Amino acid sequence: MKVVIIGGTGLIGTQVGALLRQGGHEVLTAAPSTGVNTLTGEGLAQALQGAQVVVDVSNSPSFEPAAVMDFFQTSTRNVLKAATAAGVRHLVALSVVGTDRLPESGYFMAKLAQEQLIRASALPHTVVRATQFHEFLGAIADAATRAGRVHAPSAGIQPMASSDVAAAVARAATAEPVNGLTEIAGPVAFRMDELLRGLLQQRGDTREVVTDESAGYFGAPLKADSLLPAAGAWLGSVTVQAWTAAQPARAA
């Protein structure tokens, strides 16, 4: 079948595309660099012609609250309209575990708005909520650094490798629509402070990790389970320790 991947040049999209091609599917990569802009609608109708499945793993170029909300609402409306007109049979969208639990996060609220637009549409769909990626844990530590110390709460986090995310999204794309949500996560849950402490030690990063319950997640307050999946989530196999050990050595 023909699958169009919105955001197909990114971290997840490239891996999903490779997996689907290995499975014998025709894959069209849709991104501004390939002439498809979901925010303006440019090239979208043409890209979706003859497509049976659309996978949306796109992301906003700006995380400023108003900009990210505009991106996900406008882009999703354009995708839904074009997909419906093209007779697409299944829309798969990647979202985040906990989108409905962090009202103080502009990004999470924008992802929730995207989910609501998709679920309110008549298009058969699957929304895949994923936990944080191993690839982004360094950015979490950096964002939480103040005066050379990483401030992190003890709230739970269950990160997963992008390869496991891509495998789950590709599997959803070739399955029947669930017309609702499905959650995916890493194999092990941690306290955020302990995870970042171990990660930095494994990388040889000398920053001290301070347990700080007021630190939150990119400024949004966290409860113990705000970022954790519900029971029954699909769990990936790549641990953060194995993933970190497999990364190229960092320059001193």
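Colleague: How many bridges join strand 6 to strand 7?

Modeller: Two bridges join strand 6 to strand 7 (residues 149-152), and these strands run antiparallel. Strands here are DSSP runs of E with at least two residues, helices are runs of H or I with at least four, and both are numbered from the N terminus. Two strands pair if DSSP finds at least two bridges between them. This is a predicted model, where local features need pLDDT of at least 70, side-chain atom pairs count only at pLDDT 80 or more, and totals for chains, interfaces and linings use all residues. Residues are numbered from 1 along each chain as its sequence is written, and side-chain values use heavy atoms, with hydrogens and water left out.

Colleague: Which residues in strand 7 are opposite threonine 145 and arginine 146?

Modeller: Threonine 145 has valine 150 as its bridge partner, while arginine 146 stands opposite arginine 149.

Colleague: In what order do the strands of the sheet come?

Modeller: The order is 6-7-11, in an open sheet of three strands with mixed pairing. Strand 6 (145-146) and strand 11 (208-211) are at the edges with a single partner strand each, so one side of each has no neighbour in the sheet.

Colleague: Do strands 7 and 11 run parallel or antiparallel?

Modeller: Parallel, with four bridges joining strand 7 to strand 11. Alanine 152 has threonine 211 in strand 11 as its bridge partner.

Colleague: New topic. Is glutamate 115 buried or exposed?

Modeller: Glutamate 115 is buried, with a relative accessible area of 3%. Buried means under 20%, exposed over 50%, and partly exposed in between, using a 1.4 Å probe and protein chains only. Glutamate 115 lies in helix 4 (residues 106-120).
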